[in-house]
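Hi,

Here is the structure I promised to pass on. Have a look at it first, and then read my notes below.

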Amino acid sequence: MTQLKPILSHLDPIIPSSTGKFKPDKFSAYSFHRLRCHPRLAFWSFLSVIFILLFFCFSPPDGGAAAKRRSLHTSSYTRRMHLDSNWELKARNSARPRSKTGFSVLVTGAAGFVGTHVSLSLKRRGDGVVGLDNFNSYYDPGLKKARKSLLDRAGVYVIEADINDAVLLRKLFETVHFTHVMHLAAQAGVRYAMQNPNSYIHSNVNGFVSLLEACKNATLQPSIVWASSSSVYGLNSKVPFSEKDRTDRPASLYAATKKAGEEIAHTYNHIYGLSITGLRFFTVYGPWGRPDMAYFFFTKDILKGKEIKIFEGADHATVARDFTYVDDVVKGCLAALDTAKKSTGNGGKKKGAAQFRIYNLGNTNPVPVADLVAILEKLLKVKAKKKLLAMPRNGDVLFTHANISLARKELGYKPTTDLETGLKKFVKWYLRYYGSKKKSAW
């Protein structure tokens, strides 16, 4: 009240001191002038007007308008996510297998390297396939779009969306009753984790949980096959790596997220009855590969006459990888789908124990990186400018070597492509793809 006294004192001449009739003749022109022009009164009047305007501007809309917005939720969501207006119809058609015994498969990361090859192989044999990919910029999105063109021509419909989009996933599983999910979407790469660690949590942990939630809530739960990684073996020195070996010492954040994925998968299998198979890929290479992989950027730099860096371990120890050709990995993926048992849950409720498996998919024949470079020099007919460097502490390991006896026994997995044969196919594709203005291959 003390703050109002100075203002009220200026109003004394126009406010009666006692009750009774107000006499207009005492409201002089001078008094009116003082009321109209006093800056403090004008300030408080201005604030009052502002409060009134804010009240009307932010008042809740009428129920009719709100109901109208709710009725437009689906279409506005479709526009916001840049989805086709008839995406549900396209998804149903793409998911329809050629025969009653065929699968209906959702492939996440469908525009990725392995995802494209798996999707095409499934479609060729008559399965229904719907792809999902967010086309992120971790590497050239143009390459992913070119892969999508292959899928378009094969009749595989690819939805551009993120696996963290729970609304989209729920709607997709309501639209299509998938028998299987091939989960290949992930933030790949070991070294990039040092630059953008959150992207690995977003995709490999949060995204995986988002997908598993959609699967466990489905009326007919699908069987799930997903890509783990040989990176989970981390700092193991025992070779070859077996599925029974310890995997609690990851050497990179990427490896840690893949290991976390295996534990999360086991949890959903145990609680909700989801049938889940994890596949530990070993250095997959081939046509339409990833530009961040050594064989890919070595090829690029050798052709451009640029120096390539070859890492070696302490005391000049050899760095070797169990390079696995993509066609061999695809056969392993399809075998895992074919042997996957049905999930036992329904709408999030488990009705019995469900299948849970993990397999190595490698070539079981490690090759030194120096030999990889020598093969590329031979195929490209160009001498590489090499520089030997000590391996940096960026999460890479000295070697990988897969024990594939379990996959051979239970999946019939038998890799048949040696490194030189596989690189020959890759180089042929590379020269055609990057040597053509239209960038068309296959």
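This is a predicted model: local features need pLDDT of at least 70, side-chain atom pairs count only at pLDDT 80 or more; totals for chains, interfaces and linings use all residues.

A definition to start with: on a 1 Å grid over the protein atoms alone, a cavity is a set of points where a 1.4 Å probe fits but cannot get out, while a pocket is an open set with protein on both sides within 12 Å along at least five of seven lines; lining residues have an atom within 4 Å of a point. Grid points are joined across faces, edges and corners, and a volume is the space filled by probe spheres set on those points.

Residues are numbered from 1 along each chain as its sequence is written, and side-chain values use heavy atoms, with hydrogens and water left out.

(Helices, H or I of at least four residues, and strands, E of at least two, are DSSP runs numbered from the N terminus.) The second largest pocket has a volume of about 320 Å³. Of the 17 residues that line this pocket, Thr179, Leu220, Gln221, Pro222 and Lys342 lie nearest its centre.

Now the whole chain. You will find 16 helices and 13 strands, and 47% of the 442 residues are buried. Buried means under 20% relative accessible area, exposed over 50%, and partly exposed in between (1.4 Å probe, protein chains only).

On to the packing. A nonpolar core is a set of buried Ala, Val, Leu, Ile, Met, Phe, Trp, Tyr and Cys residues joined through side-chain atoms within 4.5 Å. The largest one has 72 residues, of which Val118, Met182, Phe281 and Tyr295 touch the most other members. Helix H13 (residues 326-339) gives the most to this core, with eight residues. Another core, of 33 residues, lies apart from it, and includes Leu168, Ala265, Tyr268 and Leu274.

Tyr295 also belongs to helix H12 (residues 294-303), where the buried residues are Tyr295, Phe296, Phe298, Thr299, Asp301 and Ile302. These pack against helix H7 (113-124), strand S7 (284-285), strand S8 (307-312), helix H14 (369-380) and helix H16 (419-435) (contact means heavy atoms within 4.5 Å). Just after H12, Gly305 takes a positive phi of about 75°.

Trp288 has a positive phi of about 65° although it is not a glycine. Trp288 sits in the loop between S7 and H12 and is buried, at 1% relative accessible area. Lys381, not a glycine either, has a positive phi of about 60°. Lys381 is in the loop between H14 and strand S13 (385-390) and counts as exposed, at 76% relative accessibility. Finally, the peptide bond from Val239 to Pro240 is cis, with omega near -5°, and Pro240 lies in the loop between strand S5 (223-229) and H11.

Over to you!
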